[in-house]
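My notebook is open and the viewer is loaded. Here is what I looked up, charges to begin with.

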Amino acid sequence: MYMNKRYQDLKVKEGVYVPPVTTDFPEDDPYVSLHRPVYDRNFPTADAAYPYCDESAANRFRIWIGYNIILRIAGWMIRLKYGLRWQIEGEKGWHRTSFPVRRWLRQFDLSHGAITVANHCYRHDCASVLTTFRASFRTRIPMFAPNFKTKDQFFLRVGGGIPIPEADGGLSAMKAFNAAFDEFNKRGYWFHIFPEAKRWDWYKPVRPFQKGAFTMAYKYNKPIIPFAVTYRKRTGIWRYLGPKDEPLTQVIIGAPIYPDTTKPRAAETERLLNETHQTICRLAGIEHNTWLSAL
């Protein structure tokens with residue numbers, strides 16, 4: 001019997017599917033890692049000497065391959081295994097091609113790039129979000145550095161992953177990391193960030209957000225585009241195409257949220273964080289979330 005008080009107090013709209021709880025999720029610390037990956041790959045330490053902004057022809061080509069070939073293949077595989085589909089908030093019907101979302105995004109000023117954010121709730125959620133609008137290879141994703149030493153190393157690199165320096169890297173490493181994103185911003189790149197930080201598989205409540213994505217949004221004057229990864233029951237033929245104990249997935253996209261750089265940084269960052277958290281809760285069909293937007 002799994003108690004999970006966060007679930008007992010959760011309220012969702014009628015018809016919103018909540019997957020069965022199969023584990024005791026932490027109740028007090030939303031940033032606990034629930035996975036124990038094997039770190040058996042070699043990878044350079046993310047210190048001051050690491051090439052965070054590797055714009056060499058070889059690396060740009062590798063990431064181009066990642067977004068134009070590998071991501072497309074991954075998208076089709078996720079659609080087959082998890083029935084992936086997506087919807088724009090306020091519209092009826094579901095999409096399985098990226099064109100409607102890309103066309104819808106044209107009405108907004110995204111000429112200097114944007115920051116996409118989503119809840120972090122299953123292994124393929126990053127590919128699921130990027131597939132919805134067929135993200136460009138001019139996308140960079142800050143990632144937990146040790147993950148580059150796992151079996152997923154190849155996919156993290158071709159996906160534009162940039163390791164976040166760990167605490168023992170010192171200020172010089174973080175300065176190099178920040179300088180790289182300054183350069184990416186100058187080039188109009190898009191960023192993708194999971195503000196929940198850690199992945200909790202098939203978790204329905206939206207956990208508190210960390211400030212990184214919203215600090216970047218203010219610093220670079222980039223809009224936040226909220227995505228909510230939600231679920232539906234695995235039925236019919238889908239019961240034979242994927243794990244029966246895992247739900248099907250879908251992504252709902254909200255309108256961009258723009259920073260107001262005329263406001264004080266701290267207050268505006270908090271406003272962006274809270275508004276984005278509330279928006280993702282709404283997109284996910286949650287009427288009463290059991291976590292605050294931030295700790």
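**Charges.** I counted 43 positive and 28 negative side chains in the protein. Lys and Arg go in as positive, Asp and Glu as negative, while His and the chain ends are left out. The centres of the two sets lie 7 Å apart, with each charge placed at NZ of Lys, CZ of Arg, CG of Asp or CD of Glu.

**Ground rules.** I'm working with a predicted model, where local features need pLDDT of at least 70 and side-chain atom pairs count only at pLDDT 80 or more, though totals for chains, interfaces and linings use all residues. Residues are numbered from 1 along each chain as its sequence is written, and side-chain values use heavy atoms, with hydrogens and water left out.

**Salt bridges.** How many salt bridges does the structure hold? I get 15, taking a salt bridge as a side-chain nitrogen of Lys or Arg within 4 Å of a carboxyl oxygen of Asp or Glu.

I looked up Arg187 with Glu55, a salt bridge at 3.3 Å, N to O. This pair ties together distant parts of the chain, 132 residues apart: Arg187 is in the loop between H6 and E6, and Glu55 is in the loop between strand E1 (11-12) and helix H2 (57-82). (Helices are DSSP runs of H or I, at least four residues, and strands are runs of E, at least two, numbered from the N terminus.)

Is Glu55 buried or exposed? Glu55 is buried, with a relative accessible area of 17%; the cut-offs are under 20% for buried, over 50% for exposed and partly exposed in between, using a 1.4 Å probe and protein chains only. Arg187 is partly exposed at 35%.

Arg187 also meets Glu183 in a salt bridge, at 2.9 Å from N to O. Shared partners join Glu55, Arg60, Arg140, Glu183 and Arg187 into one network.

Next I checked Asp152 and Arg123, whose closest N and O atoms are 2.6 Å apart in their salt bridge. They sit 29 residues apart, Asp152 in the loop between strand E4 (139-144) and helix H5 (153-158), Arg123 in the loop between E3 and helix H4 (125-132).

**Helix H7.** Which residues of helix H7 (residues 212-220) are buried? I found Ala213, Phe214, Met216, Ala217, Tyr218 and Tyr220. They pack against several elements, among them strand E3 (115-118), helix H6 (170-186) and helix H8 (265-283), where contact means heavy atoms within 4.5 Å. Just after H7, Asn221 takes a positive phi of about 55°.
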